Every structure is written in structure tokens, then in C-alpha cells.
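Please look over the sequence and the structure before reading on.

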Amino acid sequence: HNLNIPSVLKRYPDAKVIGSAVSEMKLNHIEVLTNSKLDYDYTDQEVLAAANKILKPNGAELFYVSGDIATHSVLCVAHGTALECDLLYGRHDEDHSKLPDDWTKRIFKFGLMSNSPNGFLPNYRFWFLDPHTLGAMMITPPANDGSTCKEMAKSLRKILELTFDKVIGVHAGIMEPDNFKKSIDSTWNWLDGTSLLSHQIQSTESLTSTVI
């Protein structure tokens, strides 16, 4: 998903570039960045705060998913709409028996997701967080004591406490906030073995089930 940055910078040469430290390494490999540096590295808390100080008066704010050592995801909330990439690959209420129309999605779903531990994530997302498999090959490898998973779970809980009107996901499309939050929980609650949802959302879901 870094592939769009060179063409955007060509069109908007004065744009400020916000990204992760790993993205900076990739972009420097093709010599895209001015002075070989991002304007803002959102994986640094102080730098992220400085970027948000400029963004918030303009209706936007960034939230880094700490612990996501694979994609270094960041959630952008702009004017009530949350934008996410690679946190979700489907929805919690998705019919897994339904065959996708697009053949590439069929390969992705049945070749990479259906045989994963929870069916919501491609299996490589589990491997990346395992220090004894692909995680050992990452630029930013996970901790051997499992604390990286707990760190990511804590970060996702903070994101699920946010308020927004809708969510647009790269893989999951346009979602209502509750659908997004339940989907994040279904996808990632294995990180520390407990629900990522707030008490309020869980209570609403329980009440709905009782009424039905």
C-alpha cells in the first residue's frame, strides 16, 4: 500500500508525508523522499502527537495500532469517517459459505483465510506475530515473551472506544461503526484471549440477543 505514495508526491510535490519507519525504508529504496526522511513518522508517539496537532483543527486525527509489527496500521478518522487498511479482511457476520464473484477474492478467501485459526485473518497474519516462524524474519520482529500481541490488543481497544459515523475498509468496504467494532473483535480477540469490545457494546449485543 506504499505504492501510491510516489505518484501522489509527483502530483503534489509540496505534500507532507506521514508514514511508518518501515515505510520510510521502502520509499528510500526507490529514492522518493526529500532528504530521505518522512515529514512525520507516526510510529513515534511524540511525532504522531505533533502531526495530530496540525490535523485535528482540520477535522482529522491518526491513531497508530501499536504492536502491529506486520503492517504498522494507522486508523485515520476524518470528518466522522474512519479509514482502515489491513485490520479487517472481512466482517464478523459474513457468510463464509458464499462464493465471492471475483476469482482473486476466492483464492484469497479459500486459499489463505479459510484454513487460518479463526477464518477471519489470512494465516500469514498469525505467523507474523509468532517469533518462532515468520515473525523472526520481520524488520520489526515480535517480542519472544508474547507482549507484542498484548500491546496490539491494548491499542485496538483504544481505537474501539472512538466515536465515528462510518468506516471505510480496504477489504471490508463501508461499514457501520458497530459492525466494524464487532468485526475487529472477531478478528483480533485472540491476541490476549479476551474480548476487545467495551462493556457498553457487549451489553447492547447481549440485550439484542435477548430480545430476539
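## Basis and strand pairing

Two strands pair if DSSP finds at least two bridges between them, and helices (H or I, at least four residues) and strands (E, at least two) are DSSP runs, numbered from the N terminus. This is a predicted model, in which local features need pLDDT of at least 70 and side-chain atom pairs count only at pLDDT 80 or more, while totals for chains, interfaces and linings use all residues. Residues are numbered from 1 along each chain as its sequence is written, and side-chain values use heavy atoms, with hydrogens and water left out.

Strands E3 (residues 60–64) and E4 (residues 74–78) run antiparallel and are joined by five bridges, with Glu61 standing opposite Val77 in E4. E4 also pairs with strand E5 (residues 81–84), again in the antiparallel sense, over three bridges, and here Val77 stands opposite Ala82. Two residues lie between the strands of the E4 and E5 hairpin, where His79 takes a positive phi near 50°.

## Confidence

The chain averages a pLDDT (the predictor's confidence in each residue, from 0 to 100) of 90, and 92% of the residues score at least 70. Where pLDDT is low, the predicted coordinates should not be read in detail.

Helix H2 (residues 21–29) has Val22, Ser23, Glu24 and Leu27 buried, where buried means under 20% relative accessible area, exposed over 50%, and partly exposed in between (1.4 Å probe, protein chains only). Helix H1 (4–11) is included in what covers these buried residues. Just after H2, Glu31 takes a positive phi of about 55°.

Most residues other than glycine have a negative phi. Asp86 has a positive phi of about 65° and is placed in the loop between E5 and H4, but Asp86 is buried, with a relative accessible area of 10%.

How values were computed. Contact = heavy atoms within 4.5 Å.
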